[in-house]
Every structure is written in C-alpha cells, then in structure tokens.
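Student: I have a new structure open and would like to learn how to read it. Could you walk me through it?

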Amino acid sequence: YEVAIEHRPRQDAAVMSTRIPRAGIAEFLAGAYAEIFQVLQGQSTAPAGPPFARYRDDGDAFEVTAGIPVVTGITAEGSVQPGELPGGEVATTLHRGSYDGLANAFHAVIDWITSQDRVIAADPWESYLDGPEVPEPRTIVCFPVGPEQR
C-alpha cells in the first residue's frame with residue numbers, strides 16, 4: 001500500500017451510529033446508507049462525497065458511524081443526525097478489492113504512521129468509491145494524524 005498525507009477540510013455529514021459486533025457491520029451499513037439517502041432526498045440536500053464508515057473498536061464490539069458528506073448541514077430526522085468528518089492532516093491509502101481485505105490497508109496505514117513518528121489523532125474511517133456490487137471495489141482508508149513526535 002502507498003500511504004500519503006493529505007490536508008482535508010472539515011466536512012458536514014449526515015450520520016447514523018450504533019454499537020455492534022463485527023458480524024453485523026455490513027448489514028448495519030447497508031440499512032443506514034439507505035435511510036441516510038432517504039433523509040437527504042427529503043431535505044433536498046445533496047451528497048458532497050462518497051459514503052463513509054467510521055470505527056472505534058472497544059474490545060467487545062465496534063462503535064460504527066455510517067455517514068454521507070453533505071453540501072449543507074441537515075436537520076436531525078429519526079436515527080439520522082448531523083455529523084462531520086474532521087479536517088486536518090489525514091494519512092490515506094487506497095484499497096482495491098474485497099472488503100474482507102481492508103484490515104491489511106488499516107494495518108499498512110498504522111505501520112506507516114508509526115514509521116513516520118506520527119500519532120493517530122482520531123478514529124479512522126473508510127470512504128467507499130464504489131459499491132459492493134463492483135468486482136474490485138475501491139475504498140480509501142483514512143487516519144487523522146497529529147504532529148510529528150520530536
């Protein structure tokens with residue numbers, strides 16, 4: 001994997017969050033994106049980027065946030081809430097292929113951050129450039145990073 005640092009602006013998003021075991025993540029994401037897109041359509045708000053999923057592993061389960069960046073903020077509706085993707089420096093890599101292989105991309109970025117004497121500053125996320133129906137879907141893995149350690 002090739003890892004690069006990008007500077008990204010903070011981005012408003014429409015999000016849904018849950019705490020769930022790993023086995024339930026794909027089902028949650030599919031339902032969450034459908035619900036979020038429905039809210040965006042009802043509020044006449046356009047997506048401003050690809051769908052994303054943000055993760056925090058608490059040992060027993062994952063805190064998962066499914067989101068879609070938006071052009072303008074949204075009003076909370078049902079389980080869909082206003083949220084954001086943080087701005088600042090982000091270490092990124094592109095994964096091509098099955099979602100089952102995404103852990104390798106996450107480990108590659110973590111190893112790269114460590115090798116550069118940087119620190120992970122916030123929870124990572126994945127942005128899905130293609131849907132799961134594509135034979136080789138592209139997924140961008142993103143880790144916010146803090147300053148170099150001296």
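Predicted model: local features only at pLDDT ≥ 70, side-chain atom pairs only at ≥ 80, totals over all residues.

Student: Okay. How do I read a nonpolar core, and which residues have the most contacts inside the largest one?

Tutor: A nonpolar core is a set of buried Ala, Val, Leu, Ile, Met, Phe, Trp, Tyr and Cys residues joined through side-chain atoms within 4.5 Å. Buried means under 20% relative accessible area, exposed over 50%, and partly exposed in between (1.4 Å probe, protein chains only). Here the largest core has 31 residues, and Phe28, Leu29, Ile36, Tyr55 and Val64 have the most contacts inside it.

Student: Which elements give two or more residues to this core?

Tutor: Elements are DSSP runs numbered from the N terminus: helices are H or I with at least four residues, strands are E with at least two. The list is β2 (11-20), α1 (25-42), β3 (52-57), β4 (62-69), α2 (102-115) and β8 (138-144). Of these, α1 gives the most, with 8 residues. Apart from this core lies another, of 7 residues, including Phe52 and Trp125.

Student: What is Phe28 in contact with, beyond its neighbours in sequence?

Tutor: Contact means heavy atoms within 4.5 Å. Leaving aside neighbours within four places in sequence, Phe28 touches Met16, Ser17, Thr18, Ile20, Val64 and Ala66.

Student: Now the strands. Which way do β2 and β4 run?

Tutor: Two strands pair if DSSP finds at least two bridges between them. β2 and β4 run antiparallel, joined by 8 bridges, and Val15 stands opposite Gly67 in β4. On to β3: 6 bridges join it to β4, again antiparallel, with Asp57 opposite Phe62. β3 and β4 make a hairpin with 4 residues between them, and Gly59 in the turn has a positive phi of about 100 degrees. As for cover, 6 of the 8 residues of β4 are buried.

Student: How do I read a helix like α2?

Tutor: Start with length: the expected span is 1.5 Å times one less than the number of residues. The 14 residues of α2 should span 20 Å, and its end C-alpha atoms are 20 Å apart, which agrees. Then look at its sides. Leu102, Ala105, Phe106, Val109 and Ile113 are buried. The buried residues of α2 pack against β3, β6 (88-96), β7 (125-128) and β8. The face turned away carries the exposed residues Asn104, Asp111 and Thr114.

Student: And how many salt bridges are there?

Tutor: A salt bridge is a side-chain nitrogen of Lys or Arg within 4 Å of a carboxyl oxygen of Asp or Glu. By this rule the count is 7. One of them joins Arg138 and Asp130, whose closest N and O atoms are 2.8 Å apart. Arg138 is partly exposed, at 30% relative accessible area, whereas Asp130 is buried, at 18%. Salt bridges that share partners also link Arg10, Asp12 and Glu84 into one network.

Note on methods: Residues numbered from 1 in each chain as written. Heavy atoms only, no water.
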